[in-house]
Amino acid sequence: MAFIAVGYSYAADRVTGANATLDIEPGARSAALGSAAMAVDGDYLGLFSNPYQLSDVNYAWACFSHTEYYEDTKYDFASAAIPLGNGLGLGVAFARFGADDIPYIKEGEPLPEGSNYNTLSIADYVFSLSVGKRLTDRLSLGVSFHGLYREMDQTGYGFRGDAGVRFRALDRLYLSGFLKGWTSSAASWESGEFEYSSPEFYLAANYGIDVPYLYGKLGVYWQSAGLFHQESREMDFDEDNDGGGRIWEDPLDWLAGGRGGLEFTFDFGLSLRAGLSSFTTFQSVTAGAGLTIAKFLKVDYAFESHPVLSRVHRVSISVSPYLFARAPREGTPEAMAVRKSSLLTEEPEDEYVEESVVEPADEKVVETEAHDDRAAVQDQKAEKSEGQELIESEELAPSGSNIIETDDEILE
């Protein structure tokens with residue numbers, strides 16, 4: 001199908017942004033990090049641009065997100081990540097982007113009275129299938145295919161195939177490459193028109209730093225602009241700008257067209273995030289927060305600003321049925337996080353237990369303490385008997401006589 005599509009593309013119209021619905025970032029976590037989804041792992045709402053993260057999925061997850069744009073346009077997304085074992089994961093996603101109850105008048109019909117308009121809906125429906133495989137301890141590969149059905153004034157169909165690779169360069173440093181539309185991104189319309197967009201390649205990186213003083217971890221995420229085409233300034237609305245330059249034409253301009261964000265995650269599950277959707281303007285700032293509840297439920301929120309369009313609020317939820325009913329399996333990152341959290345909360349109790357535990361090497365100390373306790377009890381009994389003997393002696397002895405007894409005599 002890919003070879004047929006490439007061959008047929010020579011007879012098609014080349015456009016920019018065919019099937020642009022596939023470029024929308026559905027996950028609130030990735031959106032709050034400047035939409036640098038190619039660098040964000042563990043966000044299974046970002047399967048459109050990060051299929052290789054499925055190689056690390058340990059439990060089944062069901063994810064949902066909802067976004068409301070301007071003019072009552074809505075974007076709803078649902079995905080599922082399923083582990084298949086041996087570093088292999090499967091992802092399935094479904095999305096709808098559109099608007100409903102749009103009033104319209106057919107050509108030649110009179111204007112209706114009041115608000116008695118006919119209404120219609122326009123929407124894009126997307127179905128996606130992704131697979132991620134861990135090839136080595138450091139290298140992971142991901143492939144995804146997307147199908148699109150468009151319902152507007154005329155119907156249409158579209159498809160796109162993507163591929164990505166991730167490499168662990170250091171212990172906490174990951175480098176990624178993503179080829180968007182290696183089959184080309186093509187769309188066919190009911191009128192017979194066929195259009196496509198050429199492939200594009202992106203780079204991404206993320207790095208994690210432990211911050212023990214604040215009981216958390218800092219994550220840094222970066223995603224580049226496209227290397228092949230002039231898409232690095234898609235967020236810049238300067239009319240004098242020609243759309244940005246390729247990396248070999250202007251490396252600084254290419255770097256400025258990237259995006260990125262920072263995320264600090266506390267050990268108890270709270271995450272704070274901030275980023276930029278484009279380094280060319282601070283009017284593209286993003287922010288958000290997330291909370292992990294009992295390891296099986298993740299709730300995320302994102303705020304996105306735009307230089308021209310209205311602000312966007314995005315909410316997403318991820319649920320793991322396995323973690324809801326069972327504890328994390330030993331050896332997985334979730335189990336290590338639970339153990340770390342329990343050690344943090346039970347530190348005073350552990351210190352008390354350590355102090356009260358007596359090793360076999362300290363048996364002499366225990367015997368000495370027991371001997372001291374028995375000696376103290378004997379002293380108390382001796383003092384009591386001494387007092388009773390003194391009273392009896394005073395009653396029987398004549399006046400003026402003194403009876404003096406030392407502790408040594410009593411002990412003997």
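Visitor: How many salt bridges does the count come to?

Guide: The count comes to 14 salt bridges. Keep in mind that this is a predicted model. The rule asks for a side-chain nitrogen of Lys or Arg within 4 Å of a carboxyl oxygen of Asp or Glu.

Visitor: Take one pair. Which residue forms a salt bridge with Lys-180?

Guide: Asp-23 does, with the closest N and O atoms 3.6 Å apart. This pair joins distant parts of the chain, 157 residues apart. Lys-180 sits in strand E8 (residues 173-180). Asp-23 sits in the loop between strand E1 (13-14) and helix H2 (28-32).

Visitor: Is Lys-180 buried or exposed?

Guide: Buried means under 20% relative accessible area. Lys-180 has 14% relative accessibility, so it counts as buried. Asp-23 has 42%, so it counts as partly exposed.

Visitor: Which residues are linked with Asp-23 and Lys-180 in a network of salt bridges?

Guide: Arg-160 and Asp-162. Together with Asp-23 and Lys-180, they form a network of salt bridges.

Visitor: What about Arg-150? Which side chain does it meet in a salt bridge?

Guide: That of Asp-124, at 2.9 Å from N to O. Again, distant parts of the chain are linked. Arg-150 belongs to strand E6 (residues 139-151), and Asp-124 to strand E5 (residues 118-134). The two residues are 26 apart in the chain.

Visitor: Are Arg-150 and Asp-124 buried or exposed?

Guide: Both are buried.

Visitor: Now Arg-172. Where does it lie, and where is Asp-210?

Guide: Start with the contact. The side chains of Arg-172 and Asp-210 meet in a salt bridge, 2.7 Å from N to O. Arg-172 lies in the loop between strand E7 (155-168) and E8, and Asp-210 in strand E11 (residues 200-211), so the pair ties together parts 38 residues apart in sequence.

Visitor: Where does Glu-71 lie?

Guide: In the loop between strand E2 (61-68) and strand E3 (74-85). Its relative accessible area is 72%, so Glu-71 is exposed.

How values were computed: Residues are numbered from 1 along each chain as its sequence is written. This is a predicted model: local features need pLDDT of at least 70, side-chain atom pairs count only at pLDDT 80 or more; totals for chains, interfaces and linings use all residues. Side-chain values use heavy atoms; hydrogens and water are left out. Helices (H or I, at least four residues) and strands (E, at least two) are DSSP runs, numbered from the N terminus. Buried means under 20% relative accessible area, exposed over 50%, partly exposed in between (1.4 Å probe, protein chains only).
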